[in-house]
Structure formats: structure tokens, C-alpha cells
Amino acid sequence: MEKILEKNLEQKAEQLVKEIMQDKILMSGDEALARGAYEAGVLFASAYPGTPSTEIMESLAKYDEIHAEWAPNEKIAFEAAAGASIGGVRAMASMKHVGVNLAADPLMTFAYIGVNGGMVLISCDEPGMHSSQNEQDNRTFAHFAKVPLFEPSNSQECLDMVKEAFDHSEKYDTPVIIRVTTRVCHSKSLVQTGERIEPPIKEYVKNIQKTLPVPVFSRGRRKLIEERFKELAEYSEKTHLNYIEPSNTKVGVIASGMCINFAKEVFGEAASYLKLGYTNPLPENLLKEFYSQVDKVYVIEENDPIMQNWIERLGYEVIGKPTFLPYGEMTPDVIRHAVYGDKLPVQEINEEILVHRPPNLCSGCPHRGFFFELSKKARKHDTVIAGDIGCYTLGFGEPYATMDYVVCMGSAFSAAHGTQKAFEAAGRENTKVVGVMGDSTFFHTGMNSLIEVLYNGNDVICVILDNRTTGMTGQQENPGSGRNIKMQDTPDIDIETVVKSLGAKNVARINPNNLKEVRETLDKAYATNEPYVIITDWPCALKPMGEKDYEKYGKDLFKKRYTVVEEKCIGCEACIKVGCPAIAMIKEGKELVNKKGQVATIDETCVGCDICAQVCPTQAIQFSAELSKLLDGASKQKKPDFFN
Amino acid sequence: MDDTKNILLVGVGGQGTLLASKLLTYGLMQAGYDVKMSEIHGMSQRGGDVSAHIRYGKKVHSSVIEKGSGDLLISFEQMEAYRWVPFMREDGTVIVNNQAIHPVAVLSGKANYHEDIIGELSKKINTKVLDARKEAEDLGNPRGTNMVLVGAAVKLLNLLNIDWKKAIAANVKPQFVEPNMKTFERGLSLV
């Protein structure tokens, strides 16, 4: 009954939204890409989470008609989609830009094989690196693989172009890349949605000349790629996605993706535009026409001069790089400054009083206990720590400083292995090398990384911080979490069993919130001259808990609150040094309490991990049954804003 | 393009910044404006800073507000307000929630949180300080800080002709519409 009521109320809210939007829907680029895939009749979609791509698959998972999934990594997501395409259905893979580095292997050859059901790869690039380690320009992959490239500039185009891309893929027998950037993925605008079509599933007919790329067959396919590219060039000339918006004849602007919006903001009607939505191959006749209409042309593109190089090769003059920087976003202020040399008046502020607010490990984060003890150990014993990509990368910061370098997803153990061998050669035998990665990263590419250590053996310490989820991107399920993207139960792949089956002899599975256990395990690992695997096993405090979690970790999991007994607090700041955002020192009005004139306080984000209590020398920090009850078992720690 | 207004909403992860920006967007759309909204999150999820850009007018191209062009800055936290001043026009306005959330560097004693950020802010720009959290708590809705700020913003932007209740009802569960309206109206009355 309650459920029906809730459903009714939900429908009412939906109705209101429709009224406000006049039957359109406010969607982010990611949501619109997912909607486009739905409308295009996609039946199979696979992804690995990564900002700014994550919400594409999260949105797709809501459609019952589609098999949506989190793959262990991006290469596998692409391969699975390729296989689904071969099997005859429309299939999609989505990922952040660096994910395509992995997926490049199947992409390069699948470009030869071509499709049966349409196949689309969505690459979400990050000019400006809002939450990425590099700003590689993945348009290059389309050129590299000789496949078509679509670049939507807003949410409506995201939806429309996905549909177009699937038709295109099937018509020209090729995988297609759609490249979007953070500002397209995370900007919201109104979208007119349509109905889902359900194209008939194509019959699978064995055809090894096409699908089995041994050299003799590949040589034939290689020629077909060149033929195909000529046909794509014809399409590029006539598609409605590439068009001229004539206005001023003195200045012309060529741009694609979000850059066209940024450019229009600056030039307005003082320029004519060649708006490109389909950018590989470029429409050479249309370019010629555009050049005949204007006196000079700006090519505005983020990152690499990819269109610029192409256009210059045709013999046209381009104002592009280096007038526009080869890095960062081409936001209107950047364009304005590059073109006109001026900037809007900006008020300077006193940088000295500005305190930065870097992201940090949440209250109750299970990585805290481990990093706290590792930092203590590393201060006593020369240690180099290879990190990896996830929430735990934040272990590089204060107060832990427990990370020396990070290369890429899954690199921690293999890179640590290399460093250790280098240290051996350098006679630096007293340095311990530690690799640290999370559970999702372990399943991503970390298993191979561990195999490197076990196979080519040395005494690296390999730490898997298992928080039972994919934390950094917003608590997505993974092969070890026991649920899939649709929150159905799956067999959870036990990391300890995997590690042991790979041949690891020294394996310790510990509770990272038990500092003594962490300390003793590290001591043992440092003293062992063989590969040593430590698995810390405690869930992320923000993860949606299931029955299994309460069974395994206790009914009071994250339902406890601690408090400071002020009379016992000596103001020593030992608790502050664990780096928990729930703890602070209060100085005002507390002069009489102790010599230091300050006492600790714990705020409502506390979830009772107990770490601060373990470091308190006077037992001033205690479990509070009263506060815990007051909270009715629910932590005040809010989900990150994005998930509200 | 010249009629385009630029609103920045900034705060700390978990403060309800993005819901506030969604509400404003819905209201502005109701009024028939072309609206573009853009969010930056990602690493900002872990207690870092969060920002949303809203641009509205007859025809809006870019979803991103450039430095020196902000008309209204709605800040959920003092330091965040100060951080975003360079994005504001000289004659722009800041609505700031009178709350200081200490970054970890301050908590661990490695940095000082300036004792008079509001004073520094006022030197730079037209500043309206609201005890939004306290006002919301007074109304028995401690999570309504964002609504108080939205209410104040609506008043300052002179957007009173819009059916804001409808925008709220489209975004929150029915049982929360009234409490949110109350805090919203409190915000209206504060500026």
C-alpha cells in the first residue's frame, strides 16, 4: 500500500516537472547520452565508472529493456560490447578518456572487423582535468583507428547523435566514437525525448573473413577501411550535423563540442560559424565553402590542434594554436583573452587568507586506520609507496603523506616491483617498497599487477584496501561487492581466495579500524623478505549497506557516535593527527580545562570507527550510547552533494 | 547575450548546493528563460568545494560563468564566498551563509581560518550575510539552509513572479514541500 502511495506521489512530481518543462526534460549530457542509447534500441551496454562518464551507465541501468553492467575495466567493457555487436544487437561502451587507453587494444582491431549490430564507444574527456590525471585528447583515437567521430555540444545533441551514431555504425559497418567533455557531460539543458525503437536483432552468421583477423584476412579488411573512409568523407559533407551559420563575413569560427558554445559567447554575431558535429573525417568541400565566405578563420578546439592540422594540410590559413593554449578549457574568458587580448575586470583577493579545501577521507573512512599506521611505520623505516587511483590516492595528503607516486589504474604493485628491483640494483636494500590499491582497482587491472610481483618475485608489500565498493566515483558495485549495477545479488569474488589461488603465501586479512592489528601486520610484512599481501576489509562509510554487510560487520555498523569527555581531555591533539574531519579542537572559553587551553570535539558526522578513541592517551574519547540513540542509528554524514 | 544573468552557487560537499541550483533552474525555466546549468563535482565529493553555474536570459550559449561576470554569488560557507569573488562583477552581490566549515588543514592546525572573512568579503563586494542555518533551525528544518538562501536570492534577483512552490514540489518529496516553502519564505523576508 505504502509503495503504491509513494508511486502515486512520484508520478505527481513527474507531472509537475513535465508541466514546468513543457514536456521537455532537463538532462545532463550523460543522462541524454543514456536516453539516446535507450531510444536507439540498445540492448547491451557496459562501462567502468570514471568521472565524467559514470552517470551514463547509471542512467542506462534504470531501463529494464537494456542489459547494463559495470565491467571490471574499460577494455572488457569494450570487448563485451564488441561481442554483443557481433552477436547482432546494438551495443555501447562508455568510459572516461583514460579508460580508452585500455580499450584501445580491442578498438584498433574491431575497427577492422566492423559490426553486426551497431556499436558505439563514448569517450568522456577532461580538458582542464577537474578530476583526472591527464587531459589526453581522445579525438586522436578516432583518427588512429580510422573510425567516425561525433562531438555533441549540448544535451539535445547528445541524445540525437547517439541515435544517429547507431544508424551510422550499421550503415558503414564500423564502430563509432562519440567524444564528449566534462562540460557537456555535466551541463544541464532541456531535451526533447522520443520513443524507443526496437530494431530487429541481426542474425549471427559465421564469416571468419570478416571477424577473424589473422593476417591474410586483415590485409583484405585493411583495404576496406580505406574504402570506408572515402564513404565517411561523403557523409561528412552532407550530414546535417555539419553546417555553416553565416553572419559576419570578416571573421569565421570553426568549432565542435562545447567549444562552439564558448565561441558564440565571445563572438556573438560578429562571426560566421562552421559548426561541426561530425569531425572524422572532416568535410573538405564544406570547409572550402566556408573559407570562401569569410576573410579569416579561427579554429577553436580544446587540447590538441587536431582539426587545425587537418585544415592546414588542405592549404588554408588557420588562427588556432598557439594563439589558443594547447591545454585547459577554451572557456569564454580564455577565448576572449586570446582573440582580443583583454579580460573582464577581475577583483583580486588576498590569497594568503584563502585556505584550500582539498577533498579528504570521509569520517569513518576505512582507509584512515591503515594510512595512519603506515605513515608511522614509514617515518621509522625508509619506505617508498606506490599508490593507485581511487579515494585512497588522498593518502598522499596530510596528515598521512603515505604516497610517493601514482602511474595509472592498477599500477601500484607492478610499479612497486620495478622500483624495488631498481633499489636492489642501487644497493638501497633497506628501503621497503609498498604498493597500495583498492578493491575495484584490484579487479580492474590490479590482479595482473599482483601477478607480476608474485611471478617475478621480490619482497614488495602489496596492500588491497577493500572497502567493498568503487568509492571515488560514488559507490558503484564491483565484482567483489556481491551486487551488480541493477542491485541484484551476484557471487562476490573473494579477494583473499583470488590472491591465494595466484600463489601468494603471505596473506593477511585485517580490520583497518583495529590499529593494533594494522601495526602488527605491518611489522610482520616489513620483516618478511617475500611478497606480502595485506587485505584491509571494512566497508566504505557511504556505501549502501545490505543485509550481508550487517551480518558480516555487525548490526551497529556506522551507527555509533563517539563523544569527548572534556574533563579527561588534555588537549594533546593526538586525535587530530588521525586526520578525521569529524574532530576539531575548541579553544574559546576552555582555558581552564587543561594546560593546553583546548579540548577536542567530535561533530555529528562521526560514525564510530573508533580510531580516535584508540589513539587517545587518556580515554577521553568514548562511545556515547546516548548520542547514538539520539541519531536513531543514522549517521549525520550526508551523501556527497552530487548524489542528493 | 547582454541580458544574460550569471548566478554562482558554491559550498562544501553535502550542503545541498546542487539541489538549490536545480530549484533555481526549474523556476527560471518556468518563467520562460533559456537556462544553462553546469556543475563541477568529482573529486569535490570528499568534503571538497562544490560549485554550480546558472546562466539565464533570452538566449544563452555557454554554461560556464567566466571570471569577472557573476551577478549573484550564493555561498553556503564563508571561505567559499571569498574564494569565488574573482568570478564576480564589481557591482555584483554576494549572499553568504554565516557559517565557517573548517578545511582539514585548519582542523589539524596547519592553517588558520581567518577570523573575519565576512569583513574581508565586504571590502570587496556588496555582501549580504544571512544566518541561514540558524533561520532554518528556528523553523525546525535544519536541512533547509539551502532554501533560505534560495529565497533570499529570488528576492534579490527580483524573480517573485515565478511559482516557486511548483518548482519545489517538482524536486522534493510531497511531505517536504511545506517545510521547504516555509524556509524559502523566510529567506525572502531576510533581504
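Predicted model: local features only at pLDDT ≥ 70, side-chain atom pairs only at ≥ 80, totals over all residues.
**Exercise 1. Classify A:Phe371 and A:Arg379 as buried or exposed.**

Solution. Begin with the location: A:Phe371 is in helix H15 of chain A, residues 367-380, and A:Arg379 lies in helix H15 of chain A. Next, apply the cut-offs: 20 or more other C-beta atoms within 10 Å make a residue buried, and 12 or fewer make it exposed. A:Phe371 has 29 C-beta neighbours inside 10 Å and is therefore buried. A:Arg379 has 11 other C-beta atoms within 10 Å and is therefore exposed. Finally, leaving aside residues up to four places away in sequence, A:Phe371 touches A:Gly395, A:Tyr400 and A:Thr402.

**Exercise 2. Describe the side of chain B that touches chain A.**

Solution. First, the extent: 63 residues of chain B are in contact with 56 residues of chain A. Second, the elements: those giving two or more residues to this side of chain B include helix H1 (17-30) and strand E2 (34-40). The largest share, 7 residues, comes from H1(B). Third, the classes: 28 residues are nonpolar, 23 polar and 12 charged. Last, the strand pairing: E2(B) runs antiparallel to strand E8 (residues 187-191) of chain A, joined by 2 bridges. A:Lys188 has B:Met37 as its bridge partner in E2(B).

Technical notes:
Residues numbered from 1 in each chain as written. Chains lettered and ligands numbered in written order. Helix = DSSP H or I, 4+ residues; strand = E, 2+ residues; numbered from the N terminus. Contact = placed C-beta atoms within 7 Å. Nonpolar A, V, L, I, M, F, W, Y, C, P; charged D, E, K, R; others polar. Pairing = 2+ DSSP bridges.
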